Amino acid sequence: LTPHIGFWSDKYSRGQTISIDYSMNTSTPSMSSLLNIKSTSDPLNTMEGNPNLKNTRRHNLGGNYRDKFGRGILFNANARASITQDAIAYGYIYNKETGKRTTMPENVNGNWSMDVGAGVDFPFDKGEKWRLRERVSYNYNHSVDLNGTSEEMVATRSVVGSSYLNNELGLNFRPSDKMEFSAKGNFHYQHSGSDRTDFTTINVYDYDYGITAQVELPWKIQLSTDVTMYSRRG
């Protein structure tokens, strides 16, 4: 079952576009996950089936807005959210004394994500040979999984929240239809945290910068190059 509904508005005269859409996807568990049997081929890893698994449903809602202002100024913004019901997680119980792990699929709720972003692209001169573009976006993932120990004798919920922040900046110079040069600089940051006692908080960021060029030579030969420096911290 994949219902979908959407709204679309397009004003060609001013370059404005607005869209909103909703969809739902349903997926069924694999047949091997539904079988009520134990797989003991590996003495340290036992797999059990779960005939009570439910279908997984994912709801998606999103919107987009694009517009053109004044002399060649382009703007766009978007937002999207997703919620997953009855996701299938493979929870396990780990025996610290024997090293044996027993795994069984179960349905979990609480998985969702959202992202928002906006960008602008505008010229510096009347001929629009120089253009600057900037885009900022943010994404958050709320992930729910299962794990456990032999003392608990039941798989417990493991919740991790991850945030991603991205910033992309670029400058384009197009002196003619046969030449284009660009300078770029991008920044990306990730933070992941959890209430689990054994979880190590993640704080990392990476950035890159460089130049690109495309030149059309005689005899329909095209030359292109990309020189980029990548760095990572954390």
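Buried means under 20% relative accessible area. Ser158 has 4% relative accessibility, so Ser158 counts as buried. Keep that cut-off in mind for this tour of a predicted model.

- Strand E6 (residues 73-85) runs antiparallel to E9, and 11 bridges join the two. If you want a spot to look at, Asn78 has Gly117 in E9 as its bridge partner.
- E9 also runs antiparallel to E10, this time with 12 bridges. Gly117 turns up again here, with Ser137 in E10 as its bridge partner.
- E9 and E10 make a hairpin, with 6 residues between them. In the turn, Glu128 has a positive phi of about 55°.
- Further along, strand E12 (residues 179-194) and strand E13 (residues 202-217) pair in the antiparallel sense over 14 bridges. Tyr189 finds its bridge partner in E13, namely Tyr205.

- E7 and strand E8 (residues 101-108) run antiparallel and are joined by 8 bridges. Within that pairing, Gly91 has Met104 in E8 as its bridge partner.

**The largest nonpolar core**

- Which residues make up the largest nonpolar core? There are 6 residues in all: Ala87, Ala89, Val108, Val144, Leu146 and Ala155.
- E7 and strand E10 (130-147) each supply at least two residues of this core.
- Val108 is a handy place to start looking: leaving out residues up to four places away in sequence, Val108 touches Gln85, Asp86, Ala87, Ala89, Val144 and Leu146.

**Back to Ser158**

- Ser158 belongs to strand E11 (residues 156-176).
- Its side chain makes a polar contact with the side chain of Arg196, at 2.8 Å.
- Setting aside neighbours within four places in sequence, Ser158 is in contact with Ser143, Val144, Asp145, Leu146, Asn147 and Arg196. Val144 and Leu146 are also members of the core described above.

- Pro123 sits in strand E9 (residues 111-123).
- Is Pro123 buried or exposed? Its relative accessible area is 8%, so Pro123 is buried.
- Not counting residues up to four places away in sequence, Pro123 touches Arg71, Gly72, Ile73, Glu128, Trp130 and Arg131. Among them is Glu128, the turn residue with the positive phi.
- Pro123 and Arg133 are 10 residues apart along the chain, and their C-alpha atoms are separated by 8.9 Å.

**Aromatic rings**

- How many aromatic pairs does the structure hold? The structure holds 7.
- Phe122 and Phe124 form one that is edge-to-face, with 5.8 Å centre to centre and 70° between the planes. Phe122 has 25% relative accessibility, so it counts as partly exposed.
- Trp130 and Phe173 are a stacked pair, because their ring centres are 4.3 Å apart and their planes are at 25°.
- Trp130 lies in strand E10 and Phe173 in strand E11, so this pair ties together parts that are 43 residues apart in sequence.
- Trp130 is partly exposed, with a relative accessible area of 36%. Phe173 counts as partly exposed too, at 23% relative accessibility.

Technical notes: Residues are numbered from 1 along each chain as its sequence is written. This is a predicted model: local features need pLDDT of at least 70, side-chain atom pairs count only at pLDDT 80 or more; totals for chains, interfaces and linings use all residues. Side-chain values use heavy atoms; hydrogens and water are left out. Helices (H or I, at least four residues) and strands (E, at least two) are DSSP runs, numbered from the N terminus. Buried means under 20% relative accessible area, exposed over 50%, partly exposed in between (1.4 Å probe, protein chains only). Contact means heavy atoms within 4.5 Å. Two strands pair if DSSP finds at least two bridges between them. A polar contact is a pair of N or O atoms within 3.5 Å; within protein, one must be able to donate a hydrogen and the other to accept it, and residues adjacent in sequence count only if both atoms are side-chain atoms. A nonpolar core is a set of buried Ala, Val, Leu, Ile, Met, Phe, Trp, Tyr and Cys residues joined through side-chain atoms within 4.5 Å. Rings of Phe, Tyr and Trp (its six-membered ring) pair if their centres lie within 6.5 Å; planes under 30 degrees apart count as stacked, over 60 as edge-to-face and the rest as tilted.
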